[in-house]
Each structure stands twice: as structure tokens, then as C-alpha cells.
Amino acid sequence: MKKFEIEIGQMQKDHKDLHILVLGDIMIDRYMRGQATRISPEAPVPVVLWKETENKLGGASNVVANLKSMGCKTSLMGLCGEDADGLILEGLLKAIACDQLYLVKDPKRPTTVKTRIVADQHQIVRVDQETEAEIGKDIQEHCLQSLYSILKNQDVKVLILQDYNKGFLNKDWIARIIEMARLQGVKVVVDPKKNHFFDYKGVHLFKPNLREAVQATEWVSKHHDDLPHLSKFLKNKLLCDKVMITLAADGIWIEGKNKGQIYKTRPRKVADVSGAGDTVISLAAICAAYSLSDEFMAVCCNIGGGQVCERSGVIPVRKDELLKELEEIIC
């Protein structure tokens, strides 16, 4: 039998009945594009003549975009401001046909927006509009009640926790979320950030990048020879089933039930790494839902993450392109 034939067959399927719930920090990735032809007389910076503005889904909402691009049934629970950008974000999510949208609007905070000023294909500066203040107890309890209802009454296969440290996920309720999912037999996969790195105990898959893992553990070395020790430490500390550490151009490390290893990725012409982690966690969640092998998960995530890096801007993976490249590597 050809290698990965069964796994690729699973990825080729229509995923409309594969229900994945995403919970985390949602945002807009905004691109203001123009042309720079002169230096400002006020400061040594370029003057950009604006031509167009494009709004794209970012953070946890980009995870939803990736899952929808793969054909999954997808629900999202997230937080935004009660402002004009919140309406834009809601419109973008409806435009990709997010199946169920549990959007909590807080009038006390702005919608998170990352605005990139781009001149002649080069990013000049990024301006972030956000607050990292934690959500109030009333919003937290409302979200937990909604989450309990979703997990209990719907056939959710995987819960993705996408943490960007923007205040939606916090230590007080991360453990309650994970326990709620466990009791309903839902696999939890996590893309962590530093503030709550060690709060995600007992999950199925824990996916930091190498820089995040080294920073959180205060590991001295970033050498790949130390990955077995770093990975083992994380598994023991978090009591998780699987650790995936992304290594940028060097590929992906995965350790599950078997001995961990690095799965190399092929060289690519990188245009923009923004959003690649969202693609990786999305594809990992699909693989986890179908209980596919660690090796195939790594190959699939390497390809998907690499493909989105070849195009500018935050964009989701394309199922047809992913499948085409997966089929090419069957041996």
C-alpha cells in the first residue's frame, strides 16, 4: 500500500460533518497599501500615498477561515468591541459562512486590529489597536454557559484554543474549559502564548513554536539536539497526549505515544509568515479528529504552513493545493 494513501483519503473527504469549535482571541488583520515616492520633510520616513485598504480575518478567526477553506463545519466563540471594527469583523466571519458564531461584544474594549502600512510590497510599519485586559467575570460566565451547551448538545470533535494573550482566555477558566471538553469526549488542541503557557494541562495536542517553548521554560539552548528533553519536560509538566513544536524553516517536531522526531519541510520562497501558525493548528486539529498518524500530521502541517508562507498577507490554506502537494509525496 502506498504511503499515506489512507490518510490522504481522509483529507480528501467532504468534511461538512466534522464539527470543530474554535475559542480564542479574534482580530482583524488590516492592510493599507500604497506607493512611497518621497521622504517626509517632517521626519526621515517615507510618505505613503494610500491606494486601498483590505481587511482580513486574523487570530482565532483566521483559524476558522482555514477550517472553512478545508470544508469543515466550524463554530467560533470570541470577543470583540462594540465598535465599527467589530461590525467589520462580524461581516468577514459571515462572509466565509462560519456555521455558528458566538460573538461577545464588550463596549469597554476595542476590537483588536493589526494595521500594516504596505508600500510597494514592503511593510513600512504595523500599528496595533488592542487591550490585553482580561474579560470580566460576567462575560466569562456567559461564555462558559454557552460553551457547555454547545459541547453537550452538538457533536463537536475537536476544540481549538487559540491564545494570543488579548484577554479572552485566562487562567481562571482555562481549566474549566478543558474539563468541560474532556467530559464530553472532545479533543482539545492548543496554540499557546506566554501568559498562560502552563495552564493548558491535560489537553490532547499542545503546539508552541520553538521560541515560545524556550522562552516559557527558560531553556538555555535552542539546539535541535535538545528537543527530546524539552518535549519530554513539556509532556510531563502539562500531562498532554502530544507535543508539537514548530521549527519554522526546519519543519516540525512531534512527540506522541512514540519517540519524538523532527519532520523536515522542503525549502520555499517565503513571502510572509503571518498566519502560518493558524494554518498549522487548523490542519493538526483535522488530523487529530481523524486520529491520523503523527508523521502524516507533520507532513500535512508542513505543506499547509509552507504554502501560505509563499503568498503575501494573512490567508487560509487552499484545500486543492494542499491535496495536490500531498498526493505528490506519496511513495
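Ground rules first. The model is predicted, so local features need pLDDT of at least 70 and side-chain atom pairs count only at pLDDT 80 or more, while totals for chains, interfaces and linings use all residues. Residues are numbered from 1 along each chain as its sequence is written, and side-chain values use heavy atoms, with hydrogens and water left out.

Let's start with the nine-strand sheet. Its order is E5-E4-E1-E8-E9-E10-E11-E12-E13. The sheet is open and the pairing is mixed. Helices (H or I, at least four residues) and strands (E, at least two) are DSSP runs, numbered from the N terminus. Two strands pair if DSSP finds at least two bridges between them. Which strands stand at the edges? Strand E5 (100-106) and strand E13 (261-263) do. Each has a single partner strand, so one side of each is left without a neighbour in the sheet.

Look at strand E1, residues 19-24, and strand E8, residues 156-162. They run parallel, joined by six bridges. Val22 has Ile160 in E8 as its bridge partner.

Helix H8 packs on this sheet. H8 touches E1, E8, strand E9 (187-191), strand E10 (205-206) and strand E11 (242-246). Contact means heavy atoms within 4.5 Å. The direction of H8 makes about 155° with that of E8. For angles, axes are lines fitted to C-alpha atoms, for helices over the stretch in contact, and the range is 0 to 180 degrees between N-to-C directions.

Stay on H8, residues 276-289, for Thr279. Is Thr279 buried or exposed? Thr279 counts as buried, at 0% relative accessibility. The cut-offs: buried is under 20% relative accessible area, exposed is over 50%, partly exposed is in between (1.4 Å probe, protein chains only). Leaving aside neighbours within four places in sequence, Thr279 is in contact with Asn66, Gly304, Gly305, Val308, Ile315 and Val317.

Now the four-strand sheet. The order is E3-E2-E6-E7, again open and with mixed pairing. Its edge strands are E3 (46-59) and E7 (122-129). Neighbouring strands are turned by 20° against each other on average, direction ignored. Strand E2, residues 26-39, pairs with E3 in the antiparallel sense over 13 bridges.

Helix H3, residues 84-95, lies across E2, E3, strand E6 (113-119) and E7. H3 runs at about 105° to E2. H3 also lies across strand E4 (73-81) and E5, at about 175° to E5.

Next, the rings. How many aromatic pairs does a search of the whole structure find? Six. Rings of Phe, Tyr and Trp (its six-membered ring) pair if their centres lie within 6.5 Å; planes under 30 degrees apart count as stacked, over 60 as edge-to-face and the rest as tilted. Phe168 and Trp173 are edge-to-face, because their centres are 5.5 Å apart and their planes are at 85°. Both residues are buried. Phe197 and Phe198 are also edge-to-face, with centres 5.1 Å apart and planes at 75°. Phe197 is buried at 2%, whereas Phe198 is partly exposed at 23%. Phe197 and Phe198 form one aromatic cluster with Phe206, Trp219 and Phe233.

Last, charges over rings. The rule is NZ of Lys or CZ of Arg within 6 Å of the ring centre and within 35 degrees of the ring normal. Lys237 puts its charged end over the ring of Phe198, 5.4 Å from the centre.
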